[in-house]
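Please examine the structure displayed below together with its sequence. The paragraphs that follow lead from the overall chain to individual strands, loops and the ligand surroundings.

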Amino acid sequence: MRIKFFAYGMAAYFYFNIGLVLPIFLLVLLFIGLLNSIQKKHAILRNFPILGYFRYSFETIAPEIQQYFIERNTDGKPFSRNERALAYQRAKNIDATTPFGTQLDINQSNYEGIRHSVFAVKVNHDLPRILVGGQDCTQPYSASILNISAMSFGSLSENAIVALNKGALKGNFYHNTGEGGLTEFHLQGGDVTWQIGTGYFGCRSDEGNFDPEKFTQKANNPFVKMIEIKLSQGAKPGHGGVLPAKKNTAQIAKIRGVKPHTTILSPPSHSAFHDATGLIQFVVLLRQLSNGKPIGFKLCIGQTNEFELICQEMILQNCFPDFITVDGAEGGTGAAPLEFSDGVGMPFEPALIFVNKTLIRLNIRDKIRVICSGKIISGYSILRAIAMGADMCNSARGFMFSLGCIQALRCNSNTCPTGVATQDKVLMKGLVVTDKSERVFHFHKNTLHAANELLAAAGKSSYKEVDGSIFMRGDEFTHLSDLYFPDNLGSVTQY
Ligand SMILES: Cc1cc2nc3c(=O)[nH]c(=O)nc-3n(C[C@H](O)[C@H](O)[C@H](O)COP(=O)(O)O)c2cc1C
């Protein structure tokens with residue numbers, strides 16, 4: 001009897017509660033529906049006042065649906081699931097092997113690989129370094145051949161910047177500040193390359209021009225090892241940096257000397273110089289003000305004759321930048337107009353080959369280090385870049401993955417779910433600096449170790465020996481397979 005009473009009582013309790021909730025819920029729906037049917041901005045909601053919301057909510061989670069349910073291991077853009085997984089495994093310092101063989105279609109003409117040697121050499125366990133600093137540099141810097149590419153505080157969160165810098169400190173490589181300026185978060189002890197963009201953040205006069213005094217003060221900070229003038233960036237060449245209003249907090253606005261909560265567009269070009277002559281003079285000025293630190297510039301190649309002109313100007317003034325950073329058009333960004341990301345600038349491969357060959361042709365290659373960036377994420381991509389003419393590499397998105405980035409494609413919205421590319425303090429809390437700085441350290445170390453292993457497999461004991469001859473492309477096989485001959489038969493028949 002008691003049990004029955006209890007059961008009936010519970011049923012009545014739920015019934016009456018639902019009885020109240022349901023009409024209120026329907027009333028709210030009716031109200032929303034009514035409002036939507038008379039608004040004039042959204043046609044879908046005007047025609048389908050309630051169901052229309054499904055479209056918007058599915059559109060919001062489209063990247064997640066794509067990633068979790070549709071994407072295969074070898075696709076996914078800009079980085080495939082396999083590439084991301086590799087970066088995560090290296091960052092977590094766990095087994096980064098794959099089972100059962102390649103998932104690539106290796107008979108396609110765009111397949112690329114390394115020609116290994118049957119006389120593979122022993123793997124070097126020291127991580128490779130290279131000295132940066134030419135004839136006029138009095139404070140040369142011994143750099144790792146893999147470093148953190150430019151990403152500003154503003155684009156990335158404060159926790160992300162601190163974790164990157166602490167990882168760089170532990171692994172002895174450099175951290176490029178990006179154009180947003182040198183901040184306390186970059187000064188955690190790791191080596192820093194300070195980037196100066198067209199907004200001159202951190203060395204900016206009230207009018208927005210270059211301020212030599214402010215520059216001198218920061219450039220002589222002992223953690224600043226090199227200075228990079230940003231001419232352009234692969235994801236948006238010819239367009240200045242973009243800091244969306246949502247990410248321009250009071251703290252960031254103060255650092256940059258701009259108005260908070262407004263979208264900040266850096267000018268598309270520098271006000272401190274307007275041509276090749278001015279650029280080289282600016283290099284001289286920065287070198288003087290920094291007391292001889294390595295000075296370089298970063299660019300995405302566009303009109304090739306402009307780059308040649310800059311090189312001729314170096315020869316004319318007998319002044320050479322200590323390094324040139326070549327960024328491919330496939331490069332990443334926090335925020336850029338799609339037309340610029342998809343339709344402007346030269347891709348990584350031809351750009352790097354062009355820069356290297358131009359410097360060789362003008363007989364100045366030995367005076368300048370060439371740094372490159374553009375989807376460097378594995379040991380293979382490092383070796384490939386060196387074969388195309390780079391001395392060393394920078395990685396931006398590779399290190400973002402090591403911080404836990406899941407390629408949610410929300411860097412421009414302040415809603416990055418992993419706390420990497422957001423200024424939302426709540427989301428940022430998810431990124432624990434002590435854990436992620438270790439991952440940054442391991443990603444660097446394990447990726448370079450993988451490059452060392454490939455080098456050894458190719459029978460080489462130094463990166464200086466790496467050139468295009470150790471690489472093969474699928475289009476060669478297509479050609480050779482017509483003949484049914486191995487690729488070295490031509491030389492065999494000569495004997
Ligand atoms: C979130 C984000 C912010 C970036 N900010 C800058 C910047 O401030 N200055 C710059 O020169 N490049 C910037 N870049 C471009 C990178 O430094 C790099 O050149 C480009 O992404 C290619 O490297 P990756 O393929 O390893 O990402 C940014 C890239 C990303 C993803």
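A residue is termed buried if 20 or more other C-beta atoms lie within 10 Å of its own, exposed if 12 or fewer do, and partly exposed in between, with C-beta atoms placed from the backbone. The model is predicted, so that local features require a pLDDT of at least 70 and side-chain atom pairs count only at pLDDT 80 or more, whereas totals for chains, interfaces and linings use all residues. Residues are numbered from 1 along each chain as its sequence is written.

The protein has 18 helices and 14 strands; helices (H or I, at least four residues) and strands (E, at least two) are DSSP runs, numbered from the N terminus. Its C-alpha atoms fill a box of roughly 100 × 65 × 45 Å, taken along the principal axes. Of the 495 residues of the protein, 41% count as buried. An unreviewed UniProt entry carries the annotation "domain: Glutamate synthase" for residues 145-460; UniProt positions are given in the numbering used here, feature names are shortened, and annotations may be inferred rather than shown by experiment.

Strand 13 pairs in the parallel sense with strand 4 (residues 146-148) over three bridges; two strands pair if DSSP finds at least two bridges between them. Within this pairing, Asn394 is the bridge partner of Asn147. Strand 12 (residues 369-373) also runs parallel to strand 13, joined to it by three bridges, and here Cys393 is the bridge partner of Cys372. From strand 12 the chain crosses through helix 13 (residues 379-387) to strand 13 in a right-handed β-α-β crossover. A crossover is right-handed if, with the strands pointing away from the viewer, the path from the first strand over the helix to the second runs clockwise.

Strand 5 (residues 174-176) runs parallel to strand 6 and is joined to it by three bridges, with Asn176 opposite Thr193. Five bridges join strand 6 to strand 7 (residues 224-230), again in the parallel sense, and Thr193 stands opposite Met226 in strand 7. The chain passes from strand 6 through helix 7 (residues 212-219) to strand 7, and this β-α-β crossover is right-handed.

Which residues come nearest to the ligand? Of the 29 residues around the ligand, these are Ala150, Gly178, Gly331, Gly332 and Ala396; a residue is near a molecule or strand if its C-beta atom, placed from the backbone, lies within 6 Å of it. By class, the shell comprises six nonpolar, 17 polar and six charged residues. Ala, Val, Leu, Ile, Met, Phe, Trp, Tyr, Cys and Pro count as nonpolar, Asp, Glu, Lys and Arg as charged, and the others, Gly among them, as polar.

Several loops deserve attention. Glu330 is located in the loop between strand 11 (323-327) and helix 11 (338-343). Glu330 counts as partly exposed because 17 other C-beta atoms lie within 10 Å. Its C-alpha atom is separated by 48 Å from that of Leu30, a residue 300 positions away along the chain.

The loop between helix 14 (397-402) and helix 15 (425-428) contains Gln407, and Leu409 is found in this loop as well. Gln407 has a positive phi near 55°, in a residue other than glycine. Why does Gln407 count as buried? It does so because it has 21 C-beta neighbours inside 10 Å. Leu409, also not a glycine, has a positive phi near 60°, and Leu409 is partly exposed because 15 other C-beta atoms lie within 10 Å.

In the loop between helix 4 (62-70) and helix 5 (81-92) lies Pro78. The peptide bond from Lys77 to Pro78 is cis, with omega near -5°.

Helix 16 (residues 433-457) has 25 residues and spans 36 Å from its first C-alpha to its last, close to the 36 Å expected at 1.5 Å a residue; the expected span is 1.5 Å times one less than the number of residues. Just after helix 16, Gly459 adopts a positive phi of about 80°.
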